[in-house]
Amino acid sequence: MSDTTGSLRPALVTGDKTIADVTRDICAPMERRPTGLWWFAFSLSGTALLIGVAAVWYQIATGIGTWGLNRTVGWGFDITNFVFWVGIGHAGTLISAVLFLFRQKWRTAVNRSAEAMTLFAVMCAGIFPLIHMGRVWLAYWMIPYPNTRGSLWVNFKSPLMWDVFAISTYLLISALFWYVGLIPDLATIRDRSQPGLKKRVASFLSLGWNGSARTWNRYETVYMLLAGLATPLVFSVHTIVSMDFATSVIPGWHTTIFPPYFVAGAIFSGLAMVLTLMIIARKVMSLEDYVTPKHIERMCLLMLSMGCIVGLAYGTEFFMAAYSGNGYEQFVFKNRALGPFSWAYWTMVSCNVFVPQLLWFRRVRTTLPLVFVIAILVNVGMWFERFVIIVTSLHRDFLPSSWAHYIPTWVEIATLVGSFGLFFTCFLIFCRIAPAIAIAEVKGAAHLRKRESRQRAPGEKAA
Amino acid sequence: MSHRVLLATFEHEDDLLAATEALREKGLRIVDAFTPYAVHGLERAMGLKPSRLTWVCFVCGMTGALGMLWFEHWTASIAWPIDVGGKPWNSLPSDVPVAFEAAVLLAGFGSVFALFGVSRLFPGKRARVVNPRSSDDQFVLAIDETDAGFDVNAVERLLRDFNVADTQEQIVEGGHIL
């Protein structure tokens, strides 16, 4: 019955696995001691994290005058990093929610780690606006609570306020989605581990799950609901992030193309990050049979399509500037491509538009080292996209007398390094303590080998 | 009140599905099934009704959206009206994004907590696991034995047609089964 559909599409899990093999293989990296490679990666990311902690401590203690910002360029590395990290998170939700609604079964190989990535990326993103406030200890003023200052409420007309709600909702819903997906797998860990701390923790967190069909029935409904909620949520989050810019009157920001352009860019960069992580993780954790070159290829195709949308948006921006007849708008775009930050602009265009075109070739999509390099370049390109949008639109404003240049200080660079440290440290710990692949979902989606099918006599009732 | 149930263990989801259908055709009551993953079609074979949790989600979402819209209107136009860029105090469009986020937040958490509530899942609950391998690679069907006409041997014979791996009788205490 299910085997006929299995032969039409390439197998989701290779290596002729049984259901029990899936449990064992995915739990294996958690049950053995960490490898040398893991320790190497962990010490590297831990160091980066410590550098970041030191930098953040220094800039909070001293003030954000330690940054290279000036009166003309008021947003620089901080907001670039914020938008970059929020964007990275979006592919996780795309894979876990949007592809779920489209019934793309191949998502089961990557959804768990992509959701974890979302969570960590949004954590990294949240740090930057907080530091940017300068007086981070007053961050709770953004929460609308009855206070002794009037009570003065927050300004709900400000897109920056919308951002507070969008990002915190996104973080909470992503964490919820991730945890709900983990519950059946935690029950699996509970049932297969020896009595001890691990069993107790898994038992506590799995909420007494016993795989009852009645519970599964409700669980599937709720999972579908969460996917249905997360899909518009992910679009709203980056739409609102883009409105931080689009509702201003700055040439280069004040444009209606921003919401779709930002959402496509976010998913593009997130897919690049998923590919970067999964190409390494499948090797290090010996999960090559679960994250197969087929999965990588499909993600490449998604990345290619998103890259083309982003390329179209770059072109549209120039067209609109020319067509609008607005001198300031035209100046900003000429300045972007030919001005002092043209190196950043062309880095962005080459990494985001030209390089991904290689993915049209199947040979490129199936050569994993090449895909890895392309994914890294897209990450670089997407970081520069945000830098270009923010800095080039600001540094030469309406009055030539106030034109300025922007050079980041070591504090800003160290904070960026630290955010990567936080991201990778969290991801490496996640790989050790939780199943990196959704065990229950892979079992349900893949057409696995049946254990005794060979013992069954031909013609016998096989149901 | 105690129930007597027959636990039938299967190795494949196809066998579980076919056995469930055959047992129900014979008029036997399926108490529950325990599977390592969501077996599609099992809810139909067992005759389970679609979950009504979608309504919880809808109600929570509407509460979130309307509650937040009211709150935004109240803070910006009644409690302390502030002129922001000459916009009207009660400008509805600018209230939409936050109201939407509140709707998603409440709907998401509302439906998950409702799931935990109706399925009696809570942190620290002692799982009633009938077979530890039901979270790994085996499928267990719990068949009600309380009916006077229940013939264990006949049922076991029937189950053998569906490659049952193991059968076992068990007494379950309490009104809420398993």
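# Close-up views of a predicted two-chain model

**View 1. Surroundings of Leu271(A) and the largest nonpolar core.** Leu271(A) is in contact with Ala91(A), Met299(A), Leu302(A), Met303(A) and Met306(A), neighbours within four places in sequence being left aside. The model shown here and in the other views is predicted. Leu271(A) belongs to the largest nonpolar core, a set of 184 residues. Together with Val274(A), Met303(A) and Ala33(B), Leu271(A) touches the most other members of that core. Helix H8(A) contributes the largest share of this core, 18 residues. In soluble globular proteins, nonpolar side chains tend to be buried together.

**View 2. The side of chain A that touches chain B.** The contact between the chains involves 57 residues of chain A and 62 residues of chain B. On the chain A side, at least two residues each are supplied by helix H2 (19-31), helix H6 (159-192), helix H7 (197-205), helix H8 (213-246) and helix H16 (439-445). H8(A) gives the most, with 16 residues. By class, the residues on this side of chain A comprise 29 nonpolar, 17 polar and 11 charged.

**View 3. Helix H2 of chain A and its packing partners.** The end C-alpha atoms of H2(A) are 18 Å apart, which agrees with the 18 Å that its 13 residues should span at 1.5 Å a residue. Buried positions in H2(A) are Ile19(A), Val22(A), Thr23(A), Asp25(A), Ile26(A) and Pro29(A). The buried residues of H2(A) pack against H6, H15 and H16 of chain A.

View 4. Helix H3(A) covers residues 36-62, 27 residues in number, and reaches 39 Å from its first C-alpha to its last. This value is close to the 39 Å expected at 1.5 Å a residue. Within H3(A), the residues Ser45(A), Ala48(A), Leu49(A), Gly52(A), Ala55(A) and Gln59(A) are buried. Their packing partners in chain A are helix H5 (111-132) and helix H15 (410-433). Leu37(A) also lies in this helix, but Leu37(A) counts as exposed because it has 11 C-beta neighbours inside 10 Å. The C-alpha atoms of Leu37(A) and Met133(A) are 38 Å apart, with 96 residues of sequence separation. Just after H3(A), Gly63(A) takes a positive phi of about 115°.

**View 5. The crossing of helices H12 and H14 of chain A.** Helix H12 (residues 342-354) and helix H14 (residues 368-395), both of chain A, pack at an angle of about 145°, and their axes are 8 Å apart. The crossing of H12(A) and H14(A) is left-handed. H12(A) brings Ala344(A), Tyr345(A), Thr347(A), Met348(A), Cys351(A) and Asn352(A) to the contact. The residues they meet in H14(A) include Leu377(A), Val378(A), Gly381(A), Phe384(A), Glu385(A) and Thr392(A). In this contact of H12(A) with H14(A), 11 residues are nonpolar, four polar and one charged.

**View 6. Ala337(A) in helix H11 of chain A.** Ala337(A) is found in helix H11 (residues 327-338) of chain A. Ala337(A) counts as partly exposed because it has 15 C-beta neighbours inside 10 Å. Not counting residues up to four places away in sequence, Ala337(A) touches Ser342(A) and Tyr345(A). Tyr345(A) is also one of the H12(A) residues that meet H14(A). Between Ala337(A) and Phe318(A), 19 residues apart in sequence, the C-alpha to C-alpha distance is 9.9 Å.

**View 7. Backbone geometry in two loops of chain A.** The peptide bond from Gly150(A) to Ser151(A) is cis, with omega near 0°. Ser151(A) is found in the loop between H5 and H6 of chain A. Ser286(A) lies in another loop, between helix H9 (258-284) and helix H10 (293-324) of chain A. Although Ser286(A) is not a glycine, it has a positive phi of about 45°. Ser286(A) is exposed, since 12 other C-beta atoms lie within 10 Å.

**View 8. Asn163(B) in a loop of chain B.** Asn163(B) is found between helix H5 (152-160) and strand S4 (166-173) of chain B, in the loop. Phi of Asn163(B) is near 55°, a positive value in a residue other than glycine. Asn163(B) counts as buried because it has 23 C-beta neighbours inside 10 Å.

Key. Residues are numbered from 1 along each chain as its sequence is written. Chains are lettered from A and ligands numbered from 1 in the order in which they are written. This is a predicted model: local features need pLDDT of at least 70, side-chain atom pairs count only at pLDDT 80 or more; totals for chains, interfaces and linings use all residues. Axes are lines fitted to C-alpha atoms, for helices over the stretch in contact, and angles run from 0 to 180 degrees between N-to-C directions. Helices (H or I, at least four residues) and strands (E, at least two) are DSSP runs, numbered from the N terminus. A crossing is left-handed if the near helix is turned anticlockwise from the far one by less than a right angle, and right-handed if clockwise. Two residues are in contact if their C-beta atoms, placed from the backbone, lie within 7 Å. Ala, Val, Leu, Ile, Met, Phe, Trp, Tyr, Cys and Pro count as nonpolar, Asp, Glu, Lys and Arg as charged, and the others, Gly among them, as polar. The expected span of a helix is 1.5 Å times one less than its number of residues. A residue is buried if 20 or more other C-beta atoms lie within 10 Å of its own, exposed if 12 or fewer, and partly exposed in between; C-beta atoms are placed from the backbone. A nonpolar core is a set of buried Ala, Val, Leu, Ile, Met, Phe, Trp, Tyr and Cys residues joined through C-beta atoms within 7 Å.
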